[in-house]
Amino acid sequence: MKKLFLLLIMMGIAALPVFAQGHGHGQGGGHHGMWPDSLETVTVTGTAIVDSNFFMPMYYLDVDNDDVADYMLSFGPYWYQPSSGAQRPANGEQVTILGALQGFENNFNVIIVYEINGLEWREPIEGGMHGWDGDHFWGDTHDDTTVTGVLLVDSTYFYYHYFLDTDNDQYPDFKLNLGPPWYIDQNKDLLPGNNENITVTGALHDEMMMDIPSLMVFEINGTEWRNPTGPPPWSGNWLFRGGSDTGYVFSPTDSLDWMAHPPGSMMGMMMGGGFFPDSVYCQFEEIHPENLPGFPDSTIFAGYYMNMYDPSGQSMMSGGGMMGGANGMRFNQPTTFHFHYEDDQLTQMNLSENQLHLKYWDDSSSQWREVNNYSLDRENNEILFQNDEMFNYYAIFGDVTLTDVMLDNPTTAPENFTLHQNYPNPFNPETTIKFNIPEQNFVQLSIYNLLGQKIRTLVAQNLISGSHEVKWDGKDEFSNPVPSGIYFAQLQVNNRKQTVKLNLIK
C-alpha cells in the first residue's frame, strides 16, 4: 500500500485527479498535461486542510469557513522545496494562494500553486521548456558517471521532469536530462516507468536544480540513450507553417547563437515548386572550422551548420527543386540570424577583430560569398542580419595577426639567400621544401603553426653553400600527424630569416 500511494503521489500531487487526467509515463497519457498559459489564474484565501491519511499529506483549502474543502492544492512532488523559503501550510493555517485552476476532478477544483502568502512557490511557466536543453557541453570533455536508483517522475508541469533516487530515501538525488519531450517519446521503450529501478550512465552538469545535480543521460540500463560525443541529437526546433508566433532555434552549444522565423515564413510555395509541409524541423549548430566545406582557410574562426527536415526526417536543403541555386532555402518572410563568438576563438587562431567578414557557402560555385547588410557589434561579439534565404553553412572570417615568425622582411636578405615555396602546396601527406644559402653556415629550417609555436625542426646543422631540399611529412617532433590547416616554414641563417606558408589538407 505504501508503494501504491507513493506511485500515485509521484504521478502528480493529487492521486485521483492525476490518473483522471491520464498522466504518467507508460500509462497511455504520454508526457503532456496542460499549458500554463491556457489555465485561469486565481487568488484565493482560506483555511488549509491537511489530510494525513495518505502516505504523503494531501492539501486542501476551505474558503468559506464551513470546514469543507473547496479546492485541492497541487504543490508538486512531496520532495519539492522552493528557494524562496515558502513552506507547505499546516492544518488550520490561514493562507492566501495564487495559482492556476487545473481542472475539476473528484469534486474539487485543483489549483497549481504559484505563490503562498506572497512567497513564490514555483514560476507560472512550463519549467520543462527551459530544462531539457540547458547547460550544453561536448560529452567527451566530461568523465562518465554510472548511478543506480529508483526513477521518480514529476508530472506537475506540461512536460514531465525525471529524477533518480539512489539511496532509497524516496527523495531525488539527481535530475535526469533526457532531452526534449519528442526525443523521450521516440525512445520511451528504453525508459522504465515511475518508481522502477534504473541504471543510468551520463555526465554531471554544472547546473543545479533545487540543489540537485543534473545528469546528462548517455545510457539507460546498458542501452545507449544518446551518443556521448558531439552535440545532442535534439539540436534544433520544430517550426510550424501555420504558427502565429515567431519560431526560435538555438545552437545547443551557445544560447546566443540563434535564428528566428516570423509567422508566415513557410506559407505558400517553395523555390522551384512544391509547398512547405505543415511542420519543419530546423537544425542549427556551431561547428569547428575544419568541418566546413571548401579549401581550408586560416582566417575562419567560427563555423555554423543549418538544415531543414520534413516530418519524415528528410533534408529539404539537398537535392530537389525546393532550394536556391546556392543550396539555400527561401522563405516568405526574412529570417533573423544572430551569431555570437568569443575573443578566445580569435586568440587561439591568432586572428584580430579589426575586420570581420560573415560569409555563406555557395554550393553551386563551391566558394564562400559575403553576406550582405549584416551588423557587427564588436563590444558584445555579435553579428546580426536578416535574409529571406537560409544556407547550410556560414562562417566568420577574421584578420591574420602576424607573429614574430611572419614579420621578417625577406628583402633584407641577399639574393641568393632564398627559401622557395614548397611543392606540392596544398599537400598530403608530404611536401618538399627547397632553399639556397650563399655560404657555408649553420642553418635552421623549422615548421610553425598559426599561433607561432614551433612544432617541428627539419634542419639544424652546418650546410655548405648552394641549393638544398628537405621533405616534411606533416608530423610534429614526436612523429604525431598534425591536423589540416595552415603552417609556416621558416629558414634562418644567423640573423636572416625567410618564411613561406604551407597548406596541409587531409
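**Entry 1**

Two strands pair if DSSP finds at least two bridges between them.

Residues are numbered from 1 along each chain as its sequence is written, and side-chain values use heavy atoms, with hydrogens and water left out.

I checked pLDDT, which is the predictor's confidence in each residue, from 0 to 100. The chain has a mean of 76, and 74% of its residues reach 70 or more.

Which elements have the lowest and the highest mean pLDDT? Helix H2 (residues 15-20) is lowest at 26, and strand S12 (residues 223-224) is highest at 94.

I also found stretches with pLDDT under 50. One is residues 125-141, with 43 contacts beyond four places in sequence; a contact means heavy atoms within 4.5 Å. Another is residues 319-326, where the model has 23 such contacts. Where pLDDT is low, the predicted coordinates should not be read in detail.

I started at strand S7 (residues 145-154), which pairs with S8 in the antiparallel sense over five bridges. Leu152 stands opposite Phe163 in S8.

Next I moved on to S8 itself (residues 161-165), which pairs with S9 over three bridges, again antiparallel. Phe163 has Lys175 as its bridge partner in S9, and Leu164 stands opposite Phe174 in S9.

From S9 I went to strand S11 (residues 212-220): the two run parallel and are joined by three bridges. Here Lys175 stands opposite Ser214 in S11.

Then I asked about burial (buried means under 20% relative accessible area, exposed over 50%, partly exposed in between, with a 1.4 Å probe and protein chains only). In a regular strand the side chains alternate between the two faces of the sheet, and I wanted to look at each face.

How many residues of S8 are buried? Five of its five are. His161, Phe163 and Asp165 are on one side, Tyr162 and Leu164 on the other, and both faces are covered. S9 (residues 174-177) has both faces covered too: Phe174 and Leu176 are buried on one side, Lys175 and Asn177 on the other.

**Entry 1: a five-strand sheet**

I traced an open sheet of five strands in the order S14-S15-S18-S22-S21, with antiparallel pairing. Why is one side of S14 and of S21 left without a neighbour in the sheet? S14 (247-251) and S21 (375-377) stand at the edges and each has a single partner strand, so one side of each has no neighbour there. From one strand to the next, the twist averages 25° (axes are lines fitted to C-alpha atoms, for helices over the stretch in contact, and angles run from 0 to 180 degrees between N-to-C directions).

Inside this sheet I looked up S15 (residues 254-261) and S18 (residues 328-340), which pair over three bridges. Ala260 stands opposite Thr336 in S18.

**Entry 2: salt bridges**

I searched for salt bridges (a side-chain nitrogen of Lys or Arg within 4 Å of a carboxyl oxygen of Asp or Glu). The whole structure has five.

Arg330 forms one with Asp388, with the closest N and O atoms 3.1 Å apart. Arg330 is in strand S18 and Asp388 in strand S22 (residues 382-391), so the pair ties together parts 58 residues apart in sequence. Arg330 is partly exposed at 34% relative accessibility, and Asp388 is partly exposed at 27%. Arg330, Asp388 and Glu389 are linked in a network of salt bridges.

Glu469 and Lys434 meet in another, at 3.8 Å from N to O. Glu469 lies in strand S28 (residues 466-472) and Lys434 in strand S25 (residues 431-437), so this pair ties together parts 35 residues apart in sequence. Glu469 is partly exposed at 47%, and so is Lys434 at 34%.

Arg456 is in strand S27 (residues 454-463) and Asp473 in the loop between S28 and strand S29 (485-493), so the pair ties together parts 17 residues apart in sequence. Asp473 counts as partly exposed, at 33% relative accessibility.

Conventions: Predicted model: local features only at pLDDT ≥ 70, side-chain atom pairs only at ≥ 80, totals over all residues. Helix = DSSP H or I, 4+ residues; strand = E, 2+ residues; numbered from the N terminus.
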